Amino acid sequence: MTFMEQYIAFKTIVIKEVLRFSRIWLQTIIPPVITISLYFVIFGNLIGSQIGDMDGFKYMDYIVPGLIMMAVITNSYANVVSSFYGTKFHHHIEEMLVSPLPNYLIVLGFIAGGVARGLTVGIAVTGVSLFFTDLGFYSLGVIISTVILTSTLFALAGLLNGIFATSFDDISIVPTFVLTPLTYLGGVFYSINMLPEFWQNVSRVNPILYMVNTFRYGFLGVSDLSIGLSYAIIIGFIVALYSYAIYLLHIGYGIRR
Amino acid sequence: MAIALSIQNLTKTYANGFQALKGISLEVEEGEFYALLGPNGAGKSTIIGIICSLITKSSGKVHIFGKDVDRDFSGAKQLIGLVPQEFNFNVFEPVEEILVNQAGYFGIDRHTAFKRAEQYLRQLGLWEKRREQARDLSGGMKRRLMIARALVHRPRLLILDEPTAGVDIEVRRSMWQFLRELNQSGTTIILTTHYLEEAENLCRTIGIIDEGELVANTSMKQLLSELHTETFVLDVKTPLSEIPRLRQDCLRLVDETTLEADISRDCSINSLFTELSSHGIEVLSMRNKTNRLEQLFVRIVEANNKTGNAQ
């Protein structure tokens, strides 16, 4: 395929993916916005007013970046895992497999779909957060780069889950038993400096901690961790997961008999 | 004449050890209408799956118009269109969008894709349904949608895996006409079907696969010439109590107004009618007992099974 043909093919997958989640916006966009709004009301307003400051900021201001990031992570992941597994389960992955689409375009197309949903939900949640606090931007570049890289990483993770999944149960196990606990323990609601040293070190193994902290740094200018290290970890994970996804598609794992 | 499809020593052994293909080699010339027949589980869909990259082969080579599907993946894929056995489109997508997306995967811009979608949807009688979700189409319409989708990138080789399964006779005949015209316009077609009448009507060349092996590969005319005897069913006007004694001792009485006659290829049907007339038997109608290709197909597959059992 020529470069232009590849661009058209990539655009086709992206449009298809965006239309897919847009058509069912009541299931894909609205629920996370409502859930996160409840977090704002309960944790930010009601409980947060009793907690006081965190790292020198109002508790609401402190948790807003983490909650936005939580919505981005779960929706980027959920979009790709459900879309890819559904495509596989109903056999319309064959529409792509019989075409000259190279594997990397399939991967990039699904990632772009996941990123699009993650960002859509992220923007909607950010909009809602403005009802509860005046968001400041310390570094717009850090905010944008972190949110794009993180949604890319979790879209890739969702794709891998979709490739390995053999039943609908398999696509809910990882989000329930891995993603949600890691997100809650990833410093969304607290600073790891509050933890004993042992648990601080344990927390540092959790990659989500780095994403939440970097994203919060973009808003507040404070972070528990090195920003450079965070970028290195996120990019490192992206490269590793992307390579693995390409390898799996190359050998036809889960998609070709 | 170019070779549209060349398969050499193709084997496939599944993870459970089942050997679906045992070294099949065959060639299909450009412009052919080729029937690939075989009983259920013979390996037809496995061959098609390998040609279209839905199944990974164990060994062997596949070339499409001289392009190796392993080495020139993209070039080979541009030349093939597949109509699979099972519905494999997103049933929640509108009909037109399914075609436009498929064209997009082949690198065709949306403007051209919409024009081609209109062309094929009109030709296949689906234009009025273009805005409807695919799940709202009837079974026959879904089959036609898959044909339109397979054509949207204008392949030179179209592979149809049981395209008329479960389709009523009227729709089936209109699909035959469409496929005939497509073939006449230069598209090479490979068809698998369980309707042997369909294969006999449409195809000029035939390959029969059984238990992963190619047991026949020849022209339809040549194959049918191997049929030495045909059985006809004759409906007679006056009820008969016994089989008339004729020079050609080839008749069976099915019921009092129905006779079956085995006619050798070198015998004239006229002589049978003459003899029946001389016995005062008036024939009202005559038809083949079974499709000629069906008789041959059953014979070849049975012979292959006997050979296999003997070994």
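Reply: Let us begin with a term: a polar contact is a pair of N or O atoms within 3.5 Å, where, within protein, one must be able to donate a hydrogen and the other to accept it. In this model, which is predicted, the rule finds nine residue pairs in polar contact across the interface of chain A and chain B, counting pairs in which both residues are at pLDDT 80 or more.

Me: Which helices of chain A each supply at least two residues of the side that touches chain B?

Reply: They are α1, residues 3-23, and α5, residues 93-97, and the largest share of that side, nine residues, comes from α1(A). Sorted by class, the side of chain A that touches chain B has eleven nonpolar, five polar and seven charged residues.

Me: How many salt bridges does the rule find across the interface of chain A and chain B?

Reply: The rule finds three, and there is also a salt bridge between the side chains of A:Arg23 and B:Glu97, with 2.6 Å from N to O.

Me: How should I think about the size of an interface?

Reply: The size is often given as the accessible area lost when the parts come together. Here the area buried between chain A and chain B is about 2,500 Å², and carbon and sulfur atoms give 54% of it. On the chain A side, A:Glu95, A:Val98 and A:Arg257 lose the most area to chain B, together 28% of what that side buries. Counted by contacts, 23 residues of chain A are in contact with 30 residues of chain B.

Me: Is A:Tyr39 buried or exposed?

Reply: A:Tyr39 counts as buried, because its relative accessibility is 13% and the cut-off for buried is under 20%. A:Tyr184, with a relative accessible area of 32%, is partly exposed.

Me: Why is the pair of A:Tyr85 and A:Phe168 called edge-to-face?

Reply: The planes of these rings stand at 90 degrees, with the centres 4.9 Å apart, so the pair is edge-to-face, since planes over 60 degrees apart count that way. A:Tyr85 sits in helix α4 and A:Phe168 in the loop between α7 and α8 of chain A, 83 residues apart.

Methods:
Residues are numbered from 1 along each chain as its sequence is written. Chains are lettered from A and ligands numbered from 1 in the order in which they are written. This is a predicted model: local features need pLDDT of at least 70, side-chain atom pairs count only at pLDDT 80 or more; totals for chains, interfaces and linings use all residues. Side-chain values use heavy atoms; hydrogens and water are left out. Contact means heavy atoms within 4.5 Å. Buried area is the accessible area (1.4 Å probe) that two parts lose on being put together, summed over both. A salt bridge is a side-chain nitrogen of Lys or Arg within 4 Å of a carboxyl oxygen of Asp or Glu. A polar contact is a pair of N or O atoms within 3.5 Å; within protein, one must be able to donate a hydrogen and the other to accept it, and residues adjacent in sequence count only if both atoms are side-chain atoms. Helices (H or I, at least four residues) and strands (E, at least two) are DSSP runs, numbered from the N terminus. Ala, Val, Leu, Ile, Met, Phe, Trp, Tyr, Cys and Pro count as nonpolar, Asp, Glu, Lys and Arg as charged, and the others, Gly among them, as polar. Buried means under 20% relative accessible area, exposed over 50%, partly exposed in between (1.4 Å probe, protein chains only). Rings of Phe, Tyr and Trp (its six-membered ring) pair if their centres lie within 6.5 Å; planes under 30 degrees apart count as stacked, over 60 as edge-to-face and the rest as tilted.
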